[in-house]
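Please find below some notes on this model, written for a colleague who has not looked at it before. They are set out as numbered points.

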Amino acid sequence: MKRTDPNAIGSAVQTLEGRFGKLDRVKERIKNHHIETPSWAYGDSGTRFGVFRQPGVPRNAYERIEDAGVVHQYTGVAPSVAVHIPWDKVEDFNALSDYAREQGVRIGAINPNVFQDQDYKLGSLTNEDPSIRRKAVDQILECVEIGKAVNSHLLSLWFADGTNYPGQGDFRRRKRYMLEGLKTVYDAMPQSMRMLIEYKFFEPAWYHTDLADWGMAYSFSRRLGEQAQVLVDLGHHPLGTNIEHIVAFLIDENKLGGFHLNDKKYADDDVSVASFNPYQMFLIYNELVAAEDDPEARGDVAYMIDQSHNIKPKIEEMIQSVVACQTQYAKALLVDREALAEAQKNGDVVRAEETLQDAYQADVRPLLAQVRMEMGLDPDPVIAFRESGYSEKVAREREGAAGQATLGG
Ligand code: PSV
Ligand code: MN
């Protein structure tokens with residue numbers, strides 16, 4: 001890790017402008033591209049093989065929000081934090097919300113956890129036992145109320161519901177239970193709230209999951225109404241899936257609600273954004289930017305990170321991930337859309353691909369450094385954070401107390 005040479009930034013950005021034109025508007029858009037970070041990625045996490053404790057790990061919701069505030073302080077673009085209930089449950093959510101504001105952030109998406117309670121072994125909303133289905137609905141309704149209390153407009157739903165063996169459940173009946181439960185929740189939401197429906201094709205259920213893919217999430221969201229949309233978690237697809245195509249399709253249907261950003265190599269690995277597949281991340285952002293540029297495309301997309309920080313120091317990994325999003329977003333903003341459209345219309349495959357590569361291969365690091373300096377931030381957020389001594393400080397202050405373990409991503 002080397003510090004950016006401040007004297008080299010101006011000329012590097014000028015060179016970039018020589019190739020891509022004036023970048024003032026691009027810089028504005030980068031400054032306004034916000035990424036939400038998840039409270040659960042700051043707590044101790046791990047795998048089914050074990051949880052590794054990290055020094056200074058936050059012990060409760062307040063300390064997780066404090067750490068999220070630090071990520072915002074160094075990046076300038078992570079002003080909200082998603083919470084998971086009951087992991088982040090507190091007596092007084094107004095007080096938690098006030099505390100978040102003091103840390104420079106606000107509470108974002110509310111994520112009900114209906115997958116850990118013993119009652120949910122055979123499902124939550126799709127359980128055959130009506131009293132368990134009701135319990136899950138009530139838990140989610142409580143999250144709607146929390147959302148209202150903290151002025152959050154996002155209810156983000158993921159279900160572990162599914163079966164492990166053929167014959168274990170009736171697919172069609174479970175589908176109807178799911179719709180019924182979602183509808184009860186949907187009807188209780190205020191108009192300002194959006195329901196984001198997340199899908200995942202396996203884990204912890206190994207045979208089938210009740211919301212296995214984007215088509216099922218899309219179908220439920222259509223049955224429910226305009227306030228229901230699909231959430232795309234990048235780790236929740238079979239290997240090789242063309243996620244950018246799904247993204248474009250959902251945008252065109254005004255059904256893309258948001259993302260859980262992360263990366264994967266094998267399964268739902270929950271490793272840091274763009275650590276393995278930066279080109280995929282770029283291609284996803286390319287679709288998003290194309291839609292931002294299209295006056296006919298509607299939509300309000302929530303960009304949220306959902307990762308499991310098991311090995312790297314958590315705050316550093318989060319800063320890296322926010323920067324990784326910014327990097328691919330910045331590259332996507334450089335795509336010459338006119339040239340691309342022309343090449344596509346003319347069937348010029350090589351020129352079309354080269355147009356994307358032109359932007360993807362550009363080094364946008366000096367541009368991001370300049371953006372940060374204009375925002376009054378250090379151009380090198382990871383280094384600046386390391387130099388701040390925050391990790392050592394919280395390691396001392398939070399020493400000895402066992403952190404509250406959460407499941408990452
Ligand atoms: C499930 O794998 C998931 O992606 C959901 O978003 C959960 O809320 C999150 O991870 C944390 O377990
Ligand atoms: Mn997720």
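**Notes on the model**

1. At the start of helix H6, a side-chain oxygen of aspartate 170 comes to within 3.0 Å of the backbone nitrogen of arginine 172. This is a polar contact, that is, a pair of N or O atoms within 3.5 Å; within protein, one must be able to donate a hydrogen and the other to accept it, and residues adjacent in sequence count only if both atoms are side-chain atoms. Helices (H or I, at least four residues) and strands (E, at least two) are DSSP runs, numbered from the N terminus.

2. The model is predicted: local features need pLDDT of at least 70, side-chain atom pairs count only at pLDDT 80 or more, and totals for chains, interfaces and linings use all residues. Residues are numbered from 1 along each chain as its sequence is written, chains are lettered from A and ligands numbered from 1 in the order in which they are written, and side-chain values use heavy atoms, with hydrogens and water left out.

3. Buried residues of H6 include Arg174, Tyr177, Leu182 and Tyr186. Buried means under 20% relative accessible area, exposed over 50%, and partly exposed in between (1.4 Å probe, protein chains only).

4. Helix H3 (residues 61-75) is mostly covered, with 13 of its 15 residues buried. Asparagine 60 caps its N-terminal end, where a side-chain oxygen lies 3.1 Å from the backbone nitrogen of tyrosine 62. After H3 comes glycine 76, with a positive phi near 75°.

5. In helix H1, glutamate 17 counts as buried at 17% relative accessibility. A polar atom of the glutamate 17 side chain lies 2.9 Å from the backbone nitrogen of leucine 23.

6. Tyrosine 279 and phenylalanine 282 are three residues apart in helix H9 (residues 278-293), about one turn of the helix. Their rings form a stacked pair, 5.9 Å centre to centre with 10° between the planes. Rings of Phe, Tyr and Trp (its six-membered ring) pair if their centres lie within 6.5 Å; planes under 30 degrees apart count as stacked, over 60 as edge-to-face and the rest as tilted. Tyrosine 279 is partly exposed at 26%, whereas phenylalanine 282 is buried at 0%. Elsewhere, ring pairs link Phe259, Tyr285, Tyr303 and Tyr329 into a cluster.

7. Most residues other than glycine have a negative phi, and most peptide bonds are trans. Asparagine 254, not a glycine, has a positive phi of about 55°; this residue is in the loop between helix H8 (243-252) and strand S11 (256-261) and is partly exposed at 22%. Aspartate 270 also has a positive phi, about 60°; aspartate 270 lies in the loop between S11 and H9 and is buried at 4%.

8. One joins isoleucine 85 and proline 86, with omega about 20°, and proline 86 is in the loop between strand S4 (80-85) and helix H4 (93-102). Another runs from glutamate 203 to proline 204, with omega near 5°, and proline 204 lies in the loop between strands S8 (194-198) and S9 (208-209).
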